[in-house]
Amino acid sequence: MIEICIHCGNQKGKKEMIGNKIRCPKCGAEWEFRSMPLFILTGCSGVGKTTTAIEIMRKKVDFVVLDADIFSCFVDWENEKSCNDWVETMVNISRDIMQSGKPVLWTMAGCLDRFPKASGSSYFSQIYCLALVCENEALRKRMQEGRKITNENWINSSCDYNRYFMEHDRIGDLEYEKIDITEMEPKEVAGYLVEWVRQRCAVGFIPASVEEG
């Protein structure tokens with residue numbers, strides 16, 4: 001919605017961000033805009049992203065938690081444009097949600113490197129990413145006993161991806177933090193995530209100047 005000029009109706013052309021205002025490239029009109037951080041919770045398959053997200057949603061939090069997999073059925077993973085469109089969709093949804101005064105936390109595993117390159121990434125004051133990691137044996141146990149996964153190729157692939165997160169601090173241009181949850185309970189991980197988001201919101205929120213009603 002925010003990409004539609006409220007004065008001339010223009011839907012084309014990238015809007016310019018100026019502080020807490022957005023400007024239409026066609027008519028030059030400006031209107032108020034809330035710029036907030038975008039949050040991503042990532043990690044390999046089976047590490048506990050969904051479990052953590054569910055625990056967070058059971059709490060009273062001041063941000064929105066969404067699972068990127070709700071759109072995965074529309075993605076052709078072999079097609080670069082399809083993957084880019086998937087990320088753009090999440091960016092656009094997040095941008096509109098934050099106009100209500102709440103930032104968004106997405107849970108997802110892949111395509112992380114596409115966020116800094118997304119056309120709407122400039123709408124966010126910052127993009128923060130946190131990876132859940134754990135020891136490989138713990139990951140195997142979670143997948144085999146917790147999710148009843150028996151496919152060794154799937155398990156090994158997840159272990160490889162988990163190892164990447166443990167040994168690096170970025171994917172493409174996207175930097176990420178990480179937390180080892182091997183010895184942590186889901187409620188404890190959720191508590192950590194809530195505080196992680198709140199601390200970064202405190203320094204990354206540019207409020208609109210309109211009065212709250």
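Trainee: Let's start with H4. Which parts do the buried residues of H4 pack against?
Mentor: This is a predicted model, so keep that in mind throughout. The buried residues of H4 pack against strands S4, S7, S8 (170-171) and S10 (177-180), and against helix H3 (136-146).

Trainee: And which residues of H4 are buried?
Mentor: Ile155, Ser158, Cys159, Asn162 and Phe165 are the buried ones in H4. They sit on the same side of H4, because the arc they cover around the axis is only 120 degrees.

Trainee: Why would residues spaced like that point the same way?
Mentor: An α-helix has 3.6 residues a turn, so residues three or four places apart point the same way.

Trainee: What does the face turned away from the buried side of H4 carry?
Mentor: That face has the exposed residues Asn153 and Glu167.

Trainee: How far does H4 reach from its first C-alpha to its last?
Mentor: It reaches 22 Å, with 16 residues in the helix (152-167). That is close to the 22 Å expected at 1.5 Å a residue.

Trainee: OK, switching to H1. Which residues are buried there?
Mentor: In H1, which covers residues 49-57, the buried residues are Lys49, Thr52, Ala53, Glu55 and Ile56. Their arc around the axis is only 160 degrees, which puts them on the same side of H1.

Trainee: What is Glu55 in contact with?
Mentor: Pro186, Lys187 and Ala190, if you leave aside neighbours within four places in sequence.

Trainee: New topic: rings! How many aromatic pairs does the structure hold?
Mentor: Nine. Take Phe39 and Tyr128: their ring centres are 5.6 Å apart and their planes are at 15 degrees, so this pair is stacked. The pair links distant parts of the chain, with Phe39 in strand S4 (residues 38-42) and Tyr128 in strand S7 (residues 127-133), 89 residues apart.

Trainee: Are Phe39 and Tyr128 buried or exposed?
Mentor: Both Phe39 and Tyr128 are buried.

Trainee: What about Phe71 and Trp106, what kind of pair do they form?
Mentor: A tilted one, with 6.2 Å from centre to centre and 50 degrees between the planes. Phe71 is in the loop between strand S5 (64-67) and helix H2 (80-97), while Trp106 is in strand S6 (residues 104-107), 35 residues apart. Phe71 and Trp106 are buried as well.

Trainee: Which residues do ring pairs link into a cluster?
Mentor: Tyr161, Tyr164, Phe165 and Tyr176. Phe165 is also one of the buried residues of H4 that we talked about.

Trainee: And what sits over the ring of Tyr123?
Mentor: The charged end of Arg95 does, 5.3 Å from the ring centre.

Trainee: Last topic, the inside. How many residues are in the largest nonpolar core?
Mentor: It has 35 residues, and those with the most contacts inside it are Ile40, Trp86, Val87, Met90, Met108 and Phe115. S4, H2, S6 and S7 each supply at least two residues of this core.

Trainee: Which element gives the most to this core?
Mentor: H2, with five residues.

Trainee: And what does Val87 touch?
Mentor: Not counting residues up to four places away in sequence, Val87 touches Cys111, Arg114, Phe115 and Ala118. Apart from this core lies another core, of 29 residues, including Val65, Cys134, Leu139 and Cys159.

Notes: Residues are numbered from 1 along each chain as its sequence is written. This is a predicted model: local features need pLDDT of at least 70, side-chain atom pairs count only at pLDDT 80 or more; totals for chains, interfaces and linings use all residues. Side-chain values use heavy atoms; hydrogens and water are left out. Rings of Phe, Tyr and Trp (its six-membered ring) pair if their centres lie within 6.5 Å; planes under 30 degrees apart count as stacked, over 60 as edge-to-face and the rest as tilted. Helices (H or I, at least four residues) and strands (E, at least two) are DSSP runs, numbered from the N terminus. Buried means under 20% relative accessible area, exposed over 50%, partly exposed in between (1.4 Å probe, protein chains only). A charge sits over a ring if NZ of Lys or CZ of Arg is within 6 Å of the ring centre and within 35 degrees of the ring normal. A nonpolar core is a set of buried Ala, Val, Leu, Ile, Met, Phe, Trp, Tyr and Cys residues joined through side-chain atoms within 4.5 Å. Contact means heavy atoms within 4.5 Å. The arc is that of the directions from the helix axis to the C-beta atoms. The expected span of a helix is 1.5 Å times one less than its number of residues.
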